[in-house]
Amino acid sequence: MTFTNWAGNVVFGARRVHRPGSVAEVARLVAGAERVRALGTGHSFNRIADTAGDLVSVAGLPRRVEIDAARSAVTVSAGLRYGEFVRTLDEAGFALPNLGSLPHISVAGAVATGTHGSGVRNGSLATAVAGLELVTADGQVAGIRRGEPDFAGMVVGLGGVGVVTAVTLDLVPAFEIAQYVYEDLPVERFTEDAAEILGAGYSVSLFTRWRTDRIDQVWLKGPHETPELLWHGASRATVAMHPVPGMPARHCTEQLGVSGPWYRRLPHFRLEFTPSSGRELQSEFFVPVECVTEAFAALDDMRDRIAPVLRIGEIRTVAGDELWLSPAAGRDSAAFHFTWIDDPAAVTPVVAAIEERLARFGARPHWGKVFTAGPDRLRGRYDRWADFARLLDGYDPAGKFRNDFLDRFFPRAGTPAPKLDTRPVGE
Ligand SMILES: Cc1cc2nc3c(=O)[nH]c(=O)nc-3n(C[C@H](O)[C@H](O)[C@H](O)COP(=O)(O)OP(=O)(O)OC[C@H]3O[C@@H](n4cnc5c(N)ncnc54)[C@H](O)[C@@H]3O)c2cc1C
């Protein structure tokens with residue numbers, strides 16, 4: 001039987017998949033393994049989670065949702081999906097600062113790739129991490145907290161520093177929020193008013209099919225005193241919408257300004273339905289937020305190539321952070337996301353062309369999505385790239401957690417870098 005990622009475009013090459021029921025069992029597995037890799041919910045679109053050795057899912061660990069009210073923090077078992085504990089936090093009067101578009105992904109998997117939601121003042125989900133508990137390559141259970149040496153390198157760890165068994169996350173007071181959708185934002189108005197539009201809510205997402213001179217939908221999540229019918233030339237929707245044309249709106253979180261708890265509005269998709277379109281590939285590129293209109297224009301210029309292989313595009317913002325391998329490291333960012341049709345052969349050349357266009361903005365790809373750039377291109381776009389490579393070698397001297405993906409980008413000290421700098425990662 002083949003075992004694939006969520007999208008079905010990656011067939012895992014792992015020999016076995018383990019689902020240990022205790023941290024001690026994880027430790028025993030790691031200690032005895034030659035090659036081992038942690039698997040979350042498999043929502044990444046490339047081979048980042050794969051291994052030729054053993055895969056370990058931490059989804060079977062005993063459920064932990066331990067709220068420390070005095071510290072405004074919660075420690076959760078790493079394999080929990082966000083949707084499985086957000087309500088408990090809300091009932092205790094707390095919230096996470098932000099969520100991704102879907103509640104279906106595991107905390108450890110999301111954090112390891114720098115997964116994010118939107119909001120000019122909201123960092124990626126990894127920025128909420130205050131501490132990690134992990135099984136290191138020698139089979140020891142270790143803890144590391146924010147502020148300790150290496151912490152900023154280990155959070156967006158690409159699965160290379162250990163098997164994370166628990167994550168401590170910062171909390172904020174629970175809040176209510178409402179979302180409105182605006183349709184048909186003229187591109188020229190976006191270009192003129194980008195900062196105002198992107199900063200108009202707690203979280204703002206722009207959805208475009210890159211087909212016309214209008215941005216199809218703007219999702220505004222936040223408190224709205226007097227939502228205008230016409231806003232920057234876009235019209236307020238009067239019925240609930242799905243961002244992907246043809247998909248049912250009931251798969252999405254409630255809109256039309258109905259106020260509700262943070263965890264039922266910040267994601268776009270509801271836990272009980274398939275998120276997005278289900279048959280797709282995804283790519284995403286982060287550029288400095290001040291370049292958003294220039295980058296938009298560069299992509300708009302090639303929309304005749306993008307549109308035929310696209311289901312929907314999304315533009316979001318992510319506050320800069322200090323996490324070494326975070327795509328938002330050191331810079332407030334705008335993220336250009338693409339939900340593609342599920343045809344790697346048709347999509348890959350378009351992805352490569354987008355990367356060419358965005359190269360002058362120092363674009364960084366989402367680690368869990370389809371991209372083609374290799375280490376020679378990406379190395380110079382991260383200040384702490386070399387430090388991360390050293391971190392991997394230091395925590396995993398025998399290369400137990402390594403896979404082809406990590407070997408390609410962060411070859412072990414003394415190993416020559418691969419010759420080809422560009423090849424599709426997403427197939
Ligand atoms: C429909 C859909 C919507 C999406 N929306 C968004 C979005 O809004 N924003 C965004 O930024 N991304 C989004 N993504 C991408 C997704 O968030 C990332 O790919 C994320 O990494 C998936 O988490 P996962 O649990 O499935 O991780 P996996 O894909 O299973 O693994 C990803 C990486 O995490 C590592 N990992 C997993 N568990 C552990 C662990 N316990 N210890 C150590 N390492 C571990 C793996 O080794 C691997 O390197 C979306 C994906 C899909 C399919």
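This is a predicted model: local features need pLDDT of at least 70, side-chain atom pairs count only at pLDDT 80 or more; totals for chains, interfaces and linings use all residues.

Guide: A salt bridge is a side-chain nitrogen of Lys or Arg within 4 Å of a carboxyl oxygen of Asp or Glu. One network of them links Glu284, Glu314, Arg316 and Lys369.

Residues are numbered from 1 along each chain as its sequence is written, and side-chain values use heavy atoms, with hydrogens and water left out.

Start with Asp54 and Arg15. Their side chains meet at 3.3 Å, N to O. The pair links distant parts of the chain, 39 residues apart: Asp54 sits in strand β3 (residues 54-57), Arg15 in the segment before β1 (16-18). Strands (E, at least two residues) and helices (H or I, at least four) are DSSP runs, numbered from the N terminus. Asp54 is buried, at 5% relative accessible area. Arg15 is exposed, at 57%. Buried means under 20%, exposed over 50%, partly exposed in between (1.4 Å probe, protein chains only).

Next, Glu133 and Arg64. This salt bridge spans 3.4 Å, N to O. Glu133 is in strand β7 (residues 129-135) and Arg64 in the loop between β3 and β4 (65-68), so the pair ties together parts 69 residues apart in sequence. Arg64 is partly exposed, at 25%.

Then come Arg360 and Glu294, paired at 3.3 Å, N to O. Arg360 lies in the loop between α8 (344-358) and β20 (364-365), Glu294 in helix α6 (residues 292-300), so parts 66 residues apart in sequence are tied together. Arg360 is exposed, at 59%. Glu294 is partly exposed, at 43%.
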